[in-house]
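Notebook open, model loaded. I'm going to jot down what I look up as I go.

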Amino acid sequence: MASSFVPTAAPVGSFLDNVRTRITSPRAYWRKVKADPRYAIYDILPIVTDPLLRDRLAALIAARRPRTPGFHPSLEARDWCRTLETDGITPPLPPIDPAVVADVRAYFENTPCQDPFRPHLGWFRPDSPPSPESNMGYHGVEQILRAPHVLALFNDPQVLETAELYLGCKPILDNIGCWWSWGGESFGGREAAKGTQRHHRDLDSLRGFKLFFYLTDVDEDGGPHIFVKGSHRSRLLSTGRALSDAQVEAAFGSAGTVTVTGSAGSRCMRDTYGVHKGALPRRGRRLLLTAQYNVNRSPHGPTVPPLDRRCAGVPDGLDPFVNQIYVAP
């Protein structure tokens with residue numbers, strides 16, 4: 001079945017001029033690409049700011065990717081894809097089973113994490129951040145893959161259908177993540193937002209989206225995600241740098257800004273080329289699980305799949321193309 005998006009003509013000439021300007025040392029660029037082909041696209045993404053051009057280049061890649069034979073997506077997947085196209089964010093999807101949420105959260109509560117901005121602090125328990133300067137604690141890829149139910153959650157059939165509709169080909173499961181965010185007096189009264197707690201765009205793929213799971217209850221004080229509807233189709237503030245709230249409001253106004261709250265088990269899809277952030281919690285702690293569905297591989301995943309299909313906990317029937325980064329065929 002054809003992709004739901006139809007790319008139109010884009011200024012390829014000016015794009016190539018921008019590439020020449022950015023890649024000041026073509027030899028160094030090609031050496032890097034030869035060592036790791038994922039950088040062929042990734043290193044030029046900061047200059048691909050025109051959404052129509054992003055679509056056009058993504059369609060060229062999608063045309064060479066496999067598709068599901070006899071593809072018949074569900075009505076829900078079609079609705080979610082249409083909303084992603086227009087808004088860049090879906091309404092909340094049906095929540096996951098509370099027993100599954102409890103299993104996954106219990107696993108991560110008892111698994112050490114690390115502050116990516118302060119790796120010298122080492123690994124620590126999620127309920128005991130070692131520094132008042134630490135806002136977030138990240139779990140490693142292999143820790144995430146060992147968590148109960150996670151691969152099954154990432155391979156939800158309707159999510160994969162939505163991804164195939166949105167991309168025009170089977171998606172690549174990429175850039176998985178799970179991390180804690182802390183705030184409020186119980187965690188040292190943190191006040192300064194850091195990293196992804198500030199508005200930004202994700203420059204990981206020409207076309208794709210992320211699936212977000214709240215594994216703790218998240219209200220307006222609990223570090224909700226904030227997304228600017230329609231910004232994934234705009235060139236305004238197209239930069240890889242962090243953006244201030246004032247910059248975002250001046251560019252887009254406030255009418256289209258969505259604050260995503262929800263109970264543990266809530267999930268939602270977002271095209272994170274759109275402007276977004278995960279707010280600094282004003283109290284308590286938030287646990288978030290994410291996965292990205294891309295048309296091209298990013299450098300954020302392992303170069304060699306860490307799991308074999310025979311590993312304990314790997315579900316039967318996983319699509320080898322979709323799961324190529326994390327599960328060896």
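I started at Leu237, which counts as partly exposed because its relative accessibility is 24% (buried is under 20% relative accessible area, exposed is over 50%, and partly exposed is in between, with a 1.4 Å probe and protein chains only). Leu237 sits in the loop between strand S6 (225-228) and helix H10 (245-252). Helices (H or I, at least four residues) and strands (E, at least two) are DSSP runs, numbered from the N terminus. Most residues other than glycine have a negative phi. I found another case at His149, with a positive phi of about 75°, and again this is not a glycine. His149 lies in the loop between H7 and helix H8 (150-154), and with a relative accessible area of 33% His149 is partly exposed.

I noted that the model is predicted, so local features need pLDDT of at least 70 and side-chain atom pairs count only at pLDDT 80 or more, while totals for chains, interfaces and linings use all residues. Residues are numbered from 1 along each chain as its sequence is written, and side-chain values use heavy atoms, with hydrogens and water left out. pLDDT is the predictor's confidence in each residue, from 0 to 100. The chain has a mean pLDDT of 90, and 90% of its residues reach 70 or more. Residues 1-16 are another story: pLDDT stays under 50 there, and the model has 37 contacts for them beyond four places in sequence (contact means heavy atoms within 4.5 Å).

I looked at Arg82 and Asp79, whose closest N and O atoms are 2.3 Å apart. Both lie in helix H5 (residues 75-87), three residues apart, about one turn of the helix. Next I checked Arg285 and Glu109, which meet in a salt bridge at 3.5 Å, N to O. This pair links distant parts of the chain, 176 residues apart: Arg285 is in strand S10 (residues 285-294) and Glu109 in helix H6 (residues 98-109). Arg285 is partly exposed at 22% relative accessibility, and Glu109 is partly exposed at 24%. Then came Arg310 with Asp308, at 2.8 Å between the closest N and O atoms. Arg310 is exposed, with a relative accessible area of 74%, but Asp308 is partly exposed at 24%.

Entry 4, a pair of strands. In a regular strand the side chains alternate between the two faces of the sheet. I checked strand S8 (residues 267-270): Arg267 and Met269 point one way, Cys268 and Arg270 the other way, and all are buried. S8 runs antiparallel to strand S5 (residues 208-214), with four bridges joining them (two strands pair if DSSP finds at least two bridges between them). Which residue of S8 is the bridge partner of Lys210? I found Arg270.

I used a 1 Å grid over the protein atoms alone: a cavity is a set of points where a 1.4 Å probe fits but cannot get out, a pocket is an open set with protein on both sides within 12 Å along at least five of seven lines, and lining residues have an atom within 4 Å of a point. Grid points are joined across faces, edges and corners, and a volume is the space filled by probe spheres set on the points. My search of the whole structure gave two cavities of 30 Å³ or more. The largest cavity has a volume of about 140 Å³ and is lined by 17 residues, with Arg54, Arg207, Gly208, Asp271 and Tyr273 nearest its centre. H4 gives the most to this lining, with three residues. The largest pocket holds about 720 Å³ of space. Its lining has 34 residues, and Tyr138, Asn175, Thr196, Asp202 and Lys210 lie nearest the centre. S4 gives the most here, with five residues.

Definitions and conventions. Salt bridge = Lys/Arg side-chain N within 4 Å of Asp/Glu carboxyl O.
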